[in-house]
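These questions and answers work through one structure, from the whole chain down to single residue pairs.

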Amino acid sequence: MPPSATSTGDGVDSAPAPDVSSAAPTTTTPEADFLPEMVEGPCGGDPFENRDGVRCGTVAVPLDHADPTGPTIEIAVAQVSPIGDQLLTTDPVLRLQGGPGGGITDAVGGWADGDAREGFGVVLIEYRGEPNSDPALVCDEKWAALVENLGVSDPFPAEADRIADAVELCAERAASDGIDVSRFDTPAIADDIELVRQALDVGRWNLIGISYGTTTAMEVMRRHPDSVRSAILDSVYPPERSTIADVEGGLDHLLAVFDDTCPPGSGCNPTDEAFSDRFRAITAALDENPAVTTLTDPITGEPFDALLDGGDFANAAWLAVWSGNVPDLVAGAVASDDPAAWTSAMQVVLDIFVADYGDSSLLMADAVECRDRGGALGREAIDAAVVERPEFSGIFQYATYVGHGITCDGLGLGTIEGWTDPLVSDLPTLVVAGRWDAVTPPAWGEALLDGLPNGRFFEYPGLAHGTYAVTDCSESISHQFLADPTGEIDSSCIAAMTDHFDDRPEELDGS
């Protein structure tokens, strides 16, 4: 097999032409005689309503793909026609959102607008169980438990129990409604996607996945490779990243980037201490004296009192680069000796996060993560990890599989055999990452190249979680790849990208 190409932006990157004929054959789905059909319907309001070239509807798929004659569920779909005179590709883009749980309306609705569809058509799919699909596995009780935890400073096991009890209640309600929650996982979602492709009469598509969307994209590549022309994996969340140490390593990566970028005496760290040392001192101080502030519940719209401890501060820093890419906010808080500055930073970040997170299908998210990988953790391991590193008490309530793993013992859904096997695929793949990403650190994406002989990797300075089209440079690289997945990519623009805090004195620049 030809060697992989990797780059951080030193110029033109050339990957050898792939031997795509050696890709594994398409997986034969059990429902070979199932004939999917898109039933057109309303788009569900902004941002799709009254947009030219936007077609919405639903596709019925089997709840259990091994039983195509059994009950079906509905997957919400939006199909967006291209604009512009020059097409980069005649094969549409399948945009796979992160989460899981958030849905397409909020997460990727902007793809119905202007520049996002310049040069190619776009298909948006709402995963099974998400808000606009049917059934939607919502769990307001879990959100209420998370809000309650923000208002107290209980020991981690008590706060985790509150979340687990809430999710068990939601699962019991789903079961009483005849919903088998164990049927909600990424392999099932990948098979849903294949049926949607057939319903839309799409020959092949280009996958663009971000965060959990990369997990979905990789499963589509694994199960249905003949349906894929190319794949862009942005902020990679691979199946094999399923240990507590992986999440801990994300925050450690972020602190290491801060230490490197903001050394003592720099503009972003005017103190005489290492950034990571100050960060840990603040988390310890807040554990001793939690800060009081007010947040707004996005579901009720009502303000509530929050009692924020060191775990909440670490969680806010971890979320800052996820939700708003605002390391300057974190740097300002850490550089300050005023607890009011710490509280203010947490309030800004948490308000951003809860507005995005509170209306997700939270039971669906737990089911998928527990089925995929979270069930392998167990509460005992999670509780022990927080004793060892208490700054993770907040992050572990929200973070990917560890946060969902709090609930897995109670749900008892089991995990998927072979799920954590690394991806091996000959499909042309572009892997991209932001240097500041604490949620899915760049090393996770770069490691994928071991199984992607026709993969290329780029890391963008100044960006964090989710890089696609955030800058002209990242958009250019993605568009070059879409136009010719096996051709050269001119990545010289990366060298000119600005990182955060680039105005540091030259003697402190570390370059």
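A contact here means heavy atoms within 4.5 Å. The model is predicted.

Q: Among contacts between residues at least 6 apart in sequence, what share joins residues at least 24 apart?
A: The protein chain has 511 residues, and its secondary structure comes to 17 helices and 14 strands. Among its contacts between residues at least 6 apart, the share that joins residues at least 24 apart is 77%.

Q: Which residue of E13 stands opposite alanine 433?
A: Strand E12 (residues 429-434) and E13 run parallel and are joined by six bridges. With helix H16 (residues 442-447), the two strands make a right-handed β-α-β unit. Opposite alanine 433, E13 places glutamate 459.

Q: Why is strand E13 largely enclosed by the rest of the structure?
A: Buried means under 20% relative accessible area. Strand E13 spans residues 455-460, and it is largely enclosed because the number of its six residues that are buried is five.

Q: Is arginine 435 buried or exposed?
A: Arginine 435 lies in the loop between E12 and H16. Its salt bridge partner is aspartate 260, with the closest N and O atoms 2.7 Å apart. Aspartate 260, at 46% relative accessibility, is partly exposed. Arginine 435 has a relative accessible area of 17%, under the 20% cut-off, so it counts as buried.

Q: What is the relative accessibility of arginine 278?
A: Arginine 278 forms a salt bridge with glutamate 273. Glutamate 273 is partly exposed at 34%. Arginine 278 counts as buried, and its relative accessibility is 7%.

Conventions. Residues numbered from 1 in each chain as written. Predicted model: local features only at pLDDT ≥ 70, side-chain atom pairs only at ≥ 80, totals over all residues. Heavy atoms only, no water. Buried < 20%, exposed > 50% of the residue type's maximum accessible area, 1.4 Å probe, protein only. Helix = DSSP H or I, 4+ residues; strand = E, 2+ residues; numbered from the N terminus. Pairing = 2+ DSSP bridges. Right-handed = clockwise from strand over helix to strand, strands pointing away. Salt bridge = Lys/Arg side-chain N within 4 Å of Asp/Glu carboxyl O.
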